[in-house]
Each structure stands twice: as C-alpha cells, then as structure tokens.
Number of protein chains: 2
Amino acid sequence: MIELYELRQFAAFVEAGTLSEAAEALHLSQPALSRNMKKLEDDLGITLFERKKNKLELNENGQYVYELARKVLDEADSLIVRARDYDRKNRTISIGVCAPAPVWRLAPIISNLFPHMTIQTEQDEDRRLLADLDSDIYQLVVTHEKPDDRKYCCKECGKESLMFALPKGHKYSRRKALSFSEMNGENMLLMPDIGFWGFVKDRMPDSRFLTQSDRVSFNELVQASSLPSFTSDLAEKYTDVPDGRIKVAISDEEATVTYYLVCKEGRRREYLSLFKAL
Amino acid sequence: MIELYELRQFAAFVEAGTLSEAAEALHLSQPALSRNMKKLEDDLGITLFERKKNKLELNENGQYVYELARKVLDEADSLIVRARDYDRKNRTISIGVCAPAPVWRLAPIISNLFPHMTIQTEQDEDRRLLADLDSDIYQLVVTHEKPDDRKYCCKECGKESLMFALPKGHKYSRRKALSFSEMNGENMLLMPDIGFWGFVKDRMPDSRFLTQSDRVSFNELVQASSLPSFTSDLAEKYTDVPDGRIKVAISDEEATVTYYLVCKEGRRREYLSLFKAL
DNA sequence: ATGCCTTACGTTATACGTAATTATT
DNA sequence: AATAATTACGTATAACGTAAGGCAT
C-alpha cells in the first residue's frame, strides 16, 4: 500500500534534484531515502527513475507521477488546514468591534452563555466590520452607528463617554466638564488601539499625542507622567487602574457614543440568548 | 504527520458504522483501529468522534473530514491506476486488426524493431478500428480497405487469399479453383475470430457452419471431421498445421484482400522503421 | 449474555541510521 | 578528493495482536 510519506519524499527528491539534497531537506539519511524510493516504485509496480551510475533521474513515469503526487499531497495538506479551520470556526465566536470598551462587558456574558466557545475579537472601522460580518469572518460585530438594514439583527449594548484624566493640580482639575477646544494645544498621552476614538486627534489639532503601543507600559507611563490623558466611564468601571487622576467629563456631543451589537438576521436565533441578556 | 492508512481506516469506520465491523473489513484488530483513530485525531489536532459509553460516533468535524478524506483517498487511488496505465501505454503497442492473419507477419517484425515493447492486438471492423485509432486506443491498425484520409499514414502490408480446405476424396478435390456458389450448400467447419472474413457466410447462404470457439479444439475438429473448411495462403504459411487436406483456391474476387497498416500521420516518425521494413 | 469500545502489555514489522562500497566528476 | 547512489547490517520506533476490563443493550 502506498503511503503519503513515500509521496512526500518522492516530491522532495523531484524538487531537490538529488537524493542527497532531498535527504537533507527531509532530515533523513540518504540510504533511507534511496530505499523508500525503491519501495515507492515497488508499491506502484512501475519504474520512476533512470538509475545512471552516479545520478538518479526521473523517467517519463516519474515526471507523470510527480504531477499526480503533488495533487495528492496538496489535497492532504488542505485537508489538515481545512479540518482545523472548520473545528476552530465551530468553537470560536469571532467578534469585530469598533472600540475596545464593548468587549469588556460582552466577553463575560458570552463566556457564560456559550461556555465551550472561545472568543476572538478584532478591531476595525464600522464599514469593514459590517462587510466582514456579511462574509462570515465575524459572527458578531459592535458598531457605534446603528446599521439600518433589514439583513442585520441589532441591539444597543451600552454607551461610553470619553473623559479627560487630569493630573492633580492641573489648571482644569476642578471643572465639571471640558470641551475638546478648551484642551486643544495641550500635549496628551494617548492609549493605543482605541478604534474609532482616534478622531479625537482631529478635534485637538494643536495638541501633540504621545502613544505607547503596549497597554501595560502605557499605564505605567500614565502613572509617571504629568501629561493629561483620556479615559472613559467604561474604562473606569471595567479596567481597574487607580491612577490618582481627576476625571473630567467632555462636554462635546461626540464624546458620548452608543454601541450596537449586530449579527446577521439569519443567525438571530443562535444569539437570541445573548441579545436578551443585554 | 498524517498518513494514508489512517485516512483509509477512518473512511472504513465511517462506511462501516462501528469499529468492530470496520476492523474486520480491514483485517485488523479492533484495538489497533481504536488507537489509530485516536492518532488521527491527534495528528489533525481536532476531535472527530463523540465517544459515547458504548458507541463511537462521528461529530461535526468527523463528518466534514470524511468528505475531505474520501477525496484524498480517491485521488491517491487514481494516482496508482493512472500511473500504471501510463506506464503500460508507454511500453505496449496496441494494434487493432480486421483479421488475424496480418498479425502473424507484423508481430515478429515489431518485436524486433521495438524489443522492449509488448504487443497487444484486438480485432474489430475497419470503421471502428479507425475511430479507435483516432482516440489513441490503438497506435496502429490494420484494415482491408485503404483509408484515403490525409490524417493517416498507411502502407500495404500483404495480401491474403482465402481457400477451401477439402478432405481427401472430396468431389472437388482435383479442382484448381472453386467459387463460393459452387460450394454453396455444403456444410462447413468455420474457425472462430475470423474478423471481416465472416462475410463468407453470406456468400454461401444454403450452407451451415460449425464453429468451435477455441482454436486448438477447432484444429482437432478439423483433423477428425470430414467436413470441408477454410484456410488461406497466409494461414498455410504462418500457422504450421499439416492437416492432410487439399487446398483449393477460391475464384471469387472477394476471396483475396489487401491489408493496410495505418497509423496517425502525426505518429509517422515513431513507426517509420516499421513502415520501411514492410 | 453479547456486542462495542478501551486500556495494558508484549511482539513484530519496518522505517531509520551508521558504516562500507562503488562509481563519477 | 569530493559528491552521489547503493548495499549490508544493526537498531528503534510504532503499528499490530492478544488479553483483560468496563459499560452498555
């Protein structure tokens, strides 16, 4: 009976040109490879090589069998990839989000409702989230604009209000509220991966923003620095990092957003329990 | 690394329904099969079964992997078949003939010119011979009508004249020649597999013909019987069977035919030496 | 009681490596 | 001398079978 390892080794030989090179590539001794090539010929019942004195060459059969072998090997490789992919898709819920905060609330709820599922999240902008929802890359997405299309099933899943986090003694630290324009010009610390919140930079065109790509390092930076930074009501609630700063609400309307959890209408029933739990 | 025997055993399990049955079908012990199915799961890194207390069932992954596995296995099986077929085609010359005689002369010539080739012959009627030559089922055909089509390369390869073989003492045994109509009404022995020569039956509508499907048995029959039979100049020359009968030529034009060796024009060069040898 | 699957353990087959041999460049 | 392939022989991996056990129908 023919086996895949024979075909793998045969293909390796064809692609390498000599037994020696192929053996090395396969982490195998030359004699082993030589014998297995004989075995393959034997299993197939035909010759594959022309054995010249100091060189092993493919004959016509060999040329032809190589084409066929590649197909079998590719098919087998694709089996593995596709099987693992299929398995993964059946045990992970992929969620696309427009910002980090909604996950903090959703993740524990989903873990409870679907205890065997792994949750995988990715950040992107609203439009591409919906496109990738359409093509089943995500099962769920969270947008900050309500998609009004019948093909989606959607429900509000919380609001988030951005705030300034001012160091003690900052000139505005006693204020109840502040606007972007009032803070414009002040250099600020900006946490990474903030999704659509990136727009705040445009509201404060005269400010400079210092970012640290790693969140933990960023938090340390916040502790150490006296530059003002951002936070939000949800961040305060879910990410428990007492930093001794004074939180001041932002008065602009844009600083408060509503999040919407969206799935395909056709999958509504799968996630009914989740929508109810919100 | 995943191997074909694992996939074969997996497919056998799916098709049998239980490990026990599959093991039997595979001529394998149940524990071995059980272990190998675990190994397959391990190699793929996913589960394929739901292990109920007393039953092994496919899960969703298993269903899916089975489809993929069948494809790989079919591909591998087809590799073997196609490889052997390819090899055979490269080392056999398939010749289609309209009658047995031309082979007697051609076979030794071809064996000499292509010593590594196996010669395979098949009998059919002219039209189908040419059709099968077109579709590469034959590399060469022998017809008894000259095909006048530019796509063929053809050359005369001998004539054959049919004769009556009369037992000693037959009323016509002193004749130089005889016609079909003169012999019409006499019951005759007719050798099997005579190709287009079958038409002689139509020329002697009042005769009855006794056939014996095995050639050796037929020759014995000829020895034993006193019924007249057929032979030909080529049969006399190549098949050395002294039967003590008197051979009388047949005067009808139809009793002499010319054979034509034909190959595709595109393959002329391959068989140039053969055509020259005729 | 019988059928089906699994675990445990000893055996065998076979794929592998090392060393030596032959031949070629 | 260096590179390539094959042959010969001993080794080790892993696939296999037997025996025993658990758990259903």
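**Strand 11 of chain B and its partner strands.** In this predicted model, B:Met163 stands opposite B:Ala249 of strand 11 of chain B. Strand 6 (residues 152–166) of chain B pairs with strand 11 (residues 246–250) of chain B in the antiparallel sense, over four bridges. Strand 7 (residues 177–178) of chain B pairs with strand 11 of chain B in the parallel sense, over two bridges. Here B:Ala177 has B:Ala249 as its bridge partner. Strands are DSSP runs of E, at least two residues, and helices are runs of H or I, at least four, numbered from the N terminus; two strands pair if DSSP finds at least two bridges between them.

**Helices 1 and 2 of chain B.** Helix 1 (residues 4–16) and helix 2 (residues 19–26) of chain B pack at about 125 degrees, with axes 8 Å apart. Helix 1 of chain B is therefore oblique to helix 2 of chain B (angles under 35 degrees are roughly parallel, over 145 roughly antiparallel, 65 to 115 roughly perpendicular, the rest oblique). Axes are lines fitted to C-alpha atoms, for helices over the stretch in contact, and angles run from 0 to 180 degrees between N-to-C directions.

Residues are numbered from 1 along each chain as its sequence is written, and chains are lettered from A and ligands numbered from 1 in the order written. Local features need pLDDT of at least 70, side-chain atom pairs count only at pLDDT 80 or more, and totals for chains, interfaces and linings use all residues.
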